[in-house]
Amino acid sequence: MLELNKVRKTFNPGTPNEVRALQGVDLTIKERSFVIIIGTNGSGKSTLLNAVAGTFMVDSGAINLAGKNITRWSEHQRASMIGRVFQNPFSGTAPNMTIAENLALAARRGQPRGFGWALKKSMMDEMRERVRKLNMGLENRLGNIIGSLSGGQRQALTLLMSTWLKPKLLLLDEHTAALDPKSADQVIKLSDAVIKSEKLTAFMVTHSMQQAVNLGDRLIMVHKGDIIHDVEGAEKSRLRVSDLLDKFNEVRRREQLDESAAEILRKRYI
Amino acid sequence: MSLLLGAFTMGLILSLLALGVFISFRIFAFPDITAEGSITLGAAVSAILLVQGWSPASATIVGFVAGAASGALTGILHTKFKINGLLSGILVMTALYSINLHVMGKSNVPLLSQKTLVTEAENLGPKFLGTATNLKLLGWEMNIKDTAVLVTSLVLITLVGWLMYAFFRTNVGTAMRATGDNPQMIRALGVSVDAMIILGLAISNGLIALSGALLAQYQGFADVQMGIGMVVWGLASVIIGEALVGPGHLGLTIVGAVMGSILFRLLVAIALRWGLNPNDLKLITAGFVFVALILPGILAKIKKPKLNHVGA
């Protein structure tokens, strides 16, 4: 379904700000798999997602999605196969346009847009129906501009928009990190429900250990631009929050060891 | 009365400039200075074609197309060559100055004896309103030819305004508005932001060139200097329009830009009548736009402490 083959990306190469964000990532994801990605800040987990989405072109390696080599496809070309929800609730919707207009834009994701009317009567009924399922009372406010909604409502709408046409791959980039706990919970439930009911292949980056444990059928831990843990199936379902914290501590200890070792060497030789 | 009639007609013709500026500045938040060259280009192209005996309608349409091409060029410089938006416009505007001189062959092309859209509109007057020179309406004496030109402009601008409104409600038009509102989102929905900016600037400068073509036919000449200060004039009209109708609704904003343009021309006509030095016109317009740009911020600052006080 999705294959990453030795994908590398370095930001600002050859400068003091050089960041080796992805260091030869190999990853294969089966169809209908719901993959959770965790990792510390700056580990490269969002970069991994953005590499798949096409936010930037990778330096080397190949990305295949649904049998197509999309490595050199631009971001908007990949959108025909990929639905996305961003971390920032303001990123996924056009604030000065109405709910209905935003949904109409999403209903043609990756398809040619001609000179037909964007809002049609038949479509409005379908919108009302699908928005009602969000349980946010937005179905009677389709004419309101998105900017007047809360972060949670906007994120729920972005989720609906990204899955309006069934995507080959759904990318969720810490999409509840900026929400209050109640909204976050609501959006997570909606995400899980739509992934299950539509049988989507999904990729979710999260900071929440609870989400990482409760959701998905595969868990990947990213560190310094590479995958360091990869569990799935029964092993994934046995995973507890404490196990994940142990893994994070392990990483941290290793890092501290590196730093203190470097310090000792520095004192000795410089 | 003929002064008001003239200002009204001028305002209608220049409302196409306001609509073009509205697309670049308000929909894309793109400070497109190409307008100063494209309005002259529209005037120059249509004027020279009229002199060569083209029909007024086709000469005007070619003017529109030429303007659209210059807008697309600015868009390409900005998106494909990654040149700063303001600079892209300045480059095209500067290049257009030479091109306009080449098109016209001299710095000024008079249209006094040519058949133009304006003379055709004037001839409609006697056809529909009677053969008298003047027409009495609500106690006003109005020249029948001037009235015919005004009514024709009104019909034409209504048509263009409606077309623009309709366009922005189609799938492409909606995607274009979203491109200005949130490029990240529209890219994730499969729309090429570059293509939208190029198309949008083409439509914007096409409208502006159309305004120039009509302006040349109305005032009876095309001049290579006629574009200077036009962006600020258009912006002033858009700002007045927003003050009149408020932000938000697309249709109202378009009507507002047209109303703003007319009101602006009326104010200018009255100010000139009162003895304002025409040389000061651009200075005063720039000052007006400056005040209109900073006023909302100042008002918010004045209002804020009061609100806190009430809250406490």
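**Entry 1: helix α9 of chain A**

The model is predicted: local features need pLDDT of at least 70 and side-chain atom pairs count only at pLDDT 80 or more, while totals for chains, interfaces and linings use all residues. Residues are numbered from 1 along each chain as its sequence is written, and chains are lettered from A and ligands numbered from 1 in the order in which they are written.

I then checked the length of α9(A), which covers residues 241-269. The expected span of a helix is 1.5 Å times one less than its number of residues. For the 29 residues of α9(A) that gives 42 Å, and the end C-alpha atoms are 42 Å apart, which agrees. I take helices (H or I, at least four residues) and strands (E, at least two) as DSSP runs, numbered from the N terminus.

**Entry 2: chain A as a whole**

I noted nine helices and ten strands in chain A. The radius of gyration of chain A is 20 Å, close to the 18 Å from the globule rule for 270 residues, so chain A is as compact as a globular protein of that length. That radius is taken over C-alpha atoms, and the globule rule is 2.2 Å times the number of residues to the power 0.38. Along the principal axes, the C-alpha atoms of chain A fill a box of roughly 75 × 40 × 35 Å. Of its 270 residues, 39% count as buried. I also looked at contacts, where two residues are in contact if their C-beta atoms, placed from the backbone, lie within 7 Å. Among contacts in chain A between residues at least 6 apart in sequence, 70% join residues at least 24 apart.

I found A:Ala62 in strand β4, residues 60-65 of chain A. A:Ala62 has 14 C-beta neighbours inside 10 Å and therefore counts as partly exposed. Leaving out residues up to four places away in sequence, A:Ala62 touches A:Asn5, A:Asn69 and A:Thr71. Its C-alpha atom is separated by 8.8 Å from that of A:Arg72, ten residues apart along the chain.

A:Glu174 has phi near 45° and lies in the loop between β7 (169-173) and α6 (181-197) of chain A. With 20 C-beta neighbours inside 10 Å, A:Glu174 counts as buried. A:Lys199 has phi near 55° and sits in the loop between α6 and β8 (202-205) of chain A. A:Lys199 is exposed, with 9 other C-beta atoms within 10 Å.

**Entry 3: chain B as a whole**

Chain B has twelve helices and four strands. A compact globule of 312 residues would have a radius of gyration near 20 Å, and chain B has 20 Å, which agrees. I read its C-alpha trace as spanning about 70 × 50 × 40 Å along the principal axes. Buried residues make up 48% of the 312 residues in chain B. Of the contacts in chain B with a separation of 6 or more, 77% are between residues 24 or more positions apart.

**Entry 4: where the chains touch**

I found 19 residues of chain B in contact with 25 residues of chain A. On the chain B side, the elements giving two or more residues are α7 and α8 (183-188). The largest share, seven residues, comes from α7(B).

I then looked at α3(A), residues 99-106, against α7(B): the angle is about 110° and the axes are 10 Å apart. That makes α3(A) roughly perpendicular to α7(B), a term for angles of 65 to 115 degrees. The contact is made by A:Glu101, A:Ala104 and A:Leu105 of α3(A) and B:Thr174, B:Ala175 and B:Ala178 of α7(B).

**Entry 5: α7 inside chain B**

Within chain B, α7 (residues 171-181) packs with α9 (residues 193-219) at about 105°, with axes 10 Å apart. This pair is also roughly perpendicular. Residues of α7(B) making the contact are B:Ala175, B:Met176 and B:Thr179, and those of α9(B) include B:Val193 and B:Met196. Axes here are lines fitted to C-alpha atoms, for helices over the stretch in contact, and angles run from 0 to 180 degrees between N-to-C directions.

Notes:
Parallel < 35°, antiparallel > 145°, perpendicular 65-115°, else oblique. Buried ≥ 20, exposed ≤ 12 C-beta atoms within 10 Å, placed from the backbone.
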